[in-house]
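Me: I would like to go through the terms used for this model and see what each one rests on. Please set each value against its cut-off.

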Amino acid sequence: ETFNVAVVGATGAVGEQILRLLEERNFPIKTLKLLSSARSAGSKLMFKGQEVTVEEAKPESFEGVQIALFSAGGDVSKALVPEAIKHGTVCIDNTSAFRMDPTAPLVVPEVNEEKIFEHNGVIANPNCSTIQMVAALKPLQDRYGLKRIIVSTYQAVSGSGAKAIAELNRQTKAIVNGEPVNPDVLPVASLPVKHQIAFNAVPQIDKFTENGFTYEEMKMINETKKIMGDESIQVTATCVRIPVVYGHSESVYVELGSEYDLQEVRSLLENAPGITVVDDPANQAYPLATDAAGKNDVFVGRLRRDLDSPTGLNLWIVSDNLLKGAAWNAVQIAEIIAARSQQA
Ligand code: 11C
């Protein structure tokens, strides 16, 4: 069986990776529609050696479409996912629009694949920094339970889109040449104050909420509980933007539900799907954003016991934010839907 597929936001940073993955994984496509905002409509993209013209996404675009992957921003998803559902399209949504909707499954296949089939038309893809953390913690949750997570992130500028990548490049050149930096995009393009990202660390990703946490931090807190299916897990997060282009890194301190054996933790992670352990301090081997970029896996290292708490464990978790953090997780979900439908 092959499928009529649409990619909404095909010209964006994540859309580009979705197309590459659909091509590389030979997804069973009957027809492919590339959709975008009016601004990008008319541009041409290559898919399997053929030129495809990008069309403006409209409610009627979903006629006959069986699977649609959305990554064109929350407003586009809020407006068009309900229209697509009316046409019977199963929507995989990369934005935050439906993540906390209790009727929408929030899925990381390594953690809660079975939730996919509880959907009412839309399956939400979590935030990038959440996905890599829960994928790595799932085997530990299954074996020991999770009591508390304290995470600090070191996030790549590509999470904020193509303009932020250009801004980092521009500022880096400006500083090296002794020219003015003129921050224009980060931390949040729509807010009046901007900060230098080159040679800096900015403890603000997205806007602030009323409780003093940013939306990015609240995504990590709320989405983790929903995906892991346990509201009692305590989570606190500090999200920081650093001058890296691809790959989010995370320092995670976790208190497990019981005492643990470090060798067992290592082998649980080594045998977990989608996880690669890189952890050999004697040879200075640990996950690096530069190594994770372009790869689908989540990389875990710096495994070490806390010195005070017998249930405390430290980890360093790195993954490509545009791949497992976005496009690959979405394509994985699409592959699972396609495989189930082919079995039926
Ligand atoms: C960032 N995590 O790195 C954000 C990007 O909710 O899908 C993804 C935002 C989202 O800036």
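Reply: Two strands count as paired if DSSP finds at least two bridges between them. The model is a predicted one.

Me: What makes β3 and β4 a pair?

Reply: Strand β3 (residues 44-47) and strand β4 (residues 50-53) are joined by four bridges, in the antiparallel sense. The pairing rule asks for at least two bridges, so with four bridges β3 and β4 are a pair. One of the bridges links L45 to V52 in β4. The hairpin of β3 and β4 has two residues between the strands, and K48 there has a positive phi near 50 degrees.

Me: Why is C239 called buried?

Reply: Buried means under 20% relative accessible area. C239 has 0% relative accessibility, so C239 is buried. C128, at 14%, falls under the same cut-off and therefore also counts as buried.

Me: Why is V244 called partly exposed?

Reply: Partly exposed covers the range between the buried limit of 20% and the exposed limit of 50%. V244 has a relative accessible area of 21%, so V244 is partly exposed. V244 lies in the loop between β10 and β11. Beyond its neighbours within four places in sequence, V244 is in contact with A156, V157, L168 and A289.

Me: Which residues have the most contacts inside the largest nonpolar core?

Reply: The largest nonpolar core has 40 residues, and those with the most contacts inside it are L137, I149, V252, V254, V300, L313 and L315. Elements that each supply at least two residues include α4 (128-144), β9 (146-155), β11 (248-256) and β14 (312-319). The largest share, eight residues, comes from α4.

Me: Why is this core said to lie between domain 1 and domain 2?

Reply: Domain 1 (3-126 + 326-343) and domain 2 (130-321) both give residues to this core, so the core lies between them. Apart from it lies another core, of 35 residues, among them V14, I29, L323 and A338.

Me: What is V254 in contact with, leaving aside its neighbours within four places in sequence?

Reply: V254 is in contact with L137, L146, R148, I149, T311, G312, L313 and L315.

Terms used
Residues numbered from 1 in each chain as written. Predicted model: local features only at pLDDT ≥ 70, side-chain atom pairs only at ≥ 80, totals over all residues. Heavy atoms only, no water. Core = buried A, V, L, I, M, F, W, Y, C linked by side-chain atoms within 4.5 Å. Buried < 20%, exposed > 50% of the residue type's maximum accessible area, 1.4 Å probe, protein only. Domains from an automatic or database assignment. Contact = heavy atoms within 4.5 Å.
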